[in-house]
Number of protein chains: 2
Amino acid sequence: MRGARLLVASSNRGKIEEFQELAARCGGGLSVEALPEFDRLPAFDESAETLAENAAGKAIYYSRGVAELVLADDSGLVVPALGGEPGVRSSRYAGPEGDAKKNIVKLLGAMAGKTGADRAARFVCVLALARMGRVEAVFSGAVEGTILDEPRGSRGFGYDPVFHYEPAGKTFAELPREEKDRVSHRGRAFERLAKYLAEAGRA
Amino acid sequence: MRGARLLVASSNRGKIEEFQELAARCGGGLSVEALPEFDRLPAFDESAETLAENAAGKAIYYSRGVAELVLADDSGLVVPALGGEPGVRSSRYAGPEGDAKKNIVKLLGAMAGKTGADRAARFVCVLALARMGRVEAVFSGAVEGTILDEPRGSRGFGYDPVFHYEPAGKTFAELPREEKDRVSHRGRAFERLAKYLAEAGRA
């Protein structure tokens with residue numbers, strides 16, 4: 001029983017590295033690499049109304065003609081006090097270029113004056129696993145936190161510096177990688193994926 | 001070019017009828033029927049953290065060994081003032097039996113004292129289309145509304161009687177079916193599905 005190899009349909013280095021750490025944590029020889037075709041194909045349009053449609057759509061699109069397992073991810077930060085924003089638009093909240101710093105500035109502006117329970121937020125991750133243009137499984141994970149007034153920490157990516165995880169008393173950008181991997185939305189979804197592959201005897 | 005037949009993985013009559021109307025609206029010979037295997041198989045566990053995982057998981061599970069297209073749906077009512085609840089737990093909000101009246105009573109209780117923007121809500125629908133245990137496409141749709149203080153209207157199902165759609169000045173349970181189909185979360189998602197099948201020359 002040899003380990004499975006997952007090809008990640010993403011060009012986000014932070015995300016690919018996080019998947020590589022997550023795979024290493026799971027043991028069993030599961031390995032993760034960037035999908036070579038990713039930058040060669042026209043970009044997939046990720047403007048659907050749900051993380052689900054984006055993640056599954058990406059997995060289907062990028063796995064066409066690929067006999068290996070392709071992993072696509074879509075994640076979002078859901079802030080109930082902002083009506084669920086930035087949600088499915090998280091990575092492009094401040095503009096199509098997807099600049100994390102600008103996204104954080106915009107978020108903190110929108111949160112100005114909000115206190116207590118109104119600063120609650122949830123990170124949600126949807127993972128889709130596909131091969132030859134067909135999805136064989138979808139996994140998801142979520143984690144609750146609060147949005148700080150200003151960024152703290154230098155690890156992670158995206159909104160991590162302002163997402164405060166109460167049980168650890170730290171932001172996701174302050175948490176040691178291993179600890180973030182264990183509790184994060186992406187870590188929880190990936191754990192289910194690894195369990196699925198292990199049960200299928202593939203990792 | 002003959003019309004496609006979709007087998008819906010659901011035992012919710014209201015939902016199946018809604019899909020049949022939606023298919024009829026689209027023309028092109030697209031037809032919808034309940035999946036015969038649905039009640040014969042052990043029920044799929046719909047307790048994932050996202051509509052995506054539930055919809056795709058259901059589509060994969062119920063389409064195993066089925067050569068025809070199987071359609072699975074998961075929908076939820078997202079109320080930002082309740083931290084996004086009932087969300088993915090919408091159909092089982094007041095208990096596992098999924099009683100719509102009890103769900104509405106629980107929702108109205110949770111909304112007591114909430115006014116203005118705090119009564120905003122969003123219906124979200126995720127549709128997954130699968131065959132032989134593999135998802136070939138995922139579609140989603142959403143619609144914004146407000147939660148009334150008490151139910152109005154007798155059409156539709158689920159939370160429709162308390163979901164007020166502002167542009168029509170009516171709840172989803174008061175709207176003529178045709179009008180609801182045109183604007184609802186499920187209608188919008190289904191429209192994308194029908195377009196996908198038409199472009200693929202299948203409906």
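Helices (H or I, at least four residues) and strands (E, at least two) are DSSP runs, numbered from the N terminus. This is a predicted model, in which local features need pLDDT of at least 70 and side-chain atom pairs count only at pLDDT 80 or more, whereas totals for chains, interfaces and linings use all residues. Residues are numbered from 1 along each chain as its sequence is written, chains are lettered from A and ligands numbered from 1 in the order in which they are written, and side-chain values use heavy atoms, with hydrogens and water left out.

**View 1. Met132(A) lies in the loop between strand S5 (120-131) and strand S6 (134-147) of chain A.** Although Met132(A) is not a glycine, its phi is positive, at about 50 degrees. Most residues other than glycine have a negative phi, and most peptide bonds are trans.

**View 2. A cis peptide bond leads from Glu85(A) to Pro86(A).** Omega is near -10 degrees for this bond in chain A, and Pro86(A) belongs to strand S4 (residues 86-87) of that chain. In chain B, Glu85(B) and Pro86(B) are likewise joined by a cis peptide bond with omega of about -10 degrees, Pro86(B) being found in strand S4 (residues 86-87) of chain B.

**View 3. The contact between the chains takes 22 residues from chain B and 22 residues from chain A (contact means heavy atoms within 4.5 Å).** About 1800 Å² is buried between chain B and chain A, with carbon and sulfur atoms giving 54%; buried area is the accessible area (1.4 Å probe) that two parts lose on being put together, summed over both. Of the area that chain B buries against chain A, Glu49(B), Glu53(B) and Arg134(B) supply 27%, more than any other three residues. For the complex, the predictor gives an ipTM of 0.86 and a pTM of 0.90.

**View 4. The largest cavity is lined by residues of both chains, among them Ala52(A) and Ala52(B).** The lining also includes Ala55(A), Ala56(A), Val126(A), Val138(A), Ala56(B) and Val138(B), and helix H2 (51-63) of chain A and helix H2 (51-63) of chain B are the elements that give two or more residues to it. The volume of the largest cavity is about 40 Å³. On a 1 Å grid over the protein atoms alone, a cavity is a set of points where a 1.4 Å probe fits but cannot get out, and lining residues have an atom within 4 Å of a point; grid points are joined across faces, edges and corners, and a volume is the space filled by probe spheres set on the points.

Notes
On a 1 Å grid over the protein atoms alone, a cavity is a set of points where a 1.4 Å probe fits but cannot get out, and a pocket is an open set with protein on both sides within 12 Å along at least five of seven lines; lining residues have an atom within 4 Å of a point.
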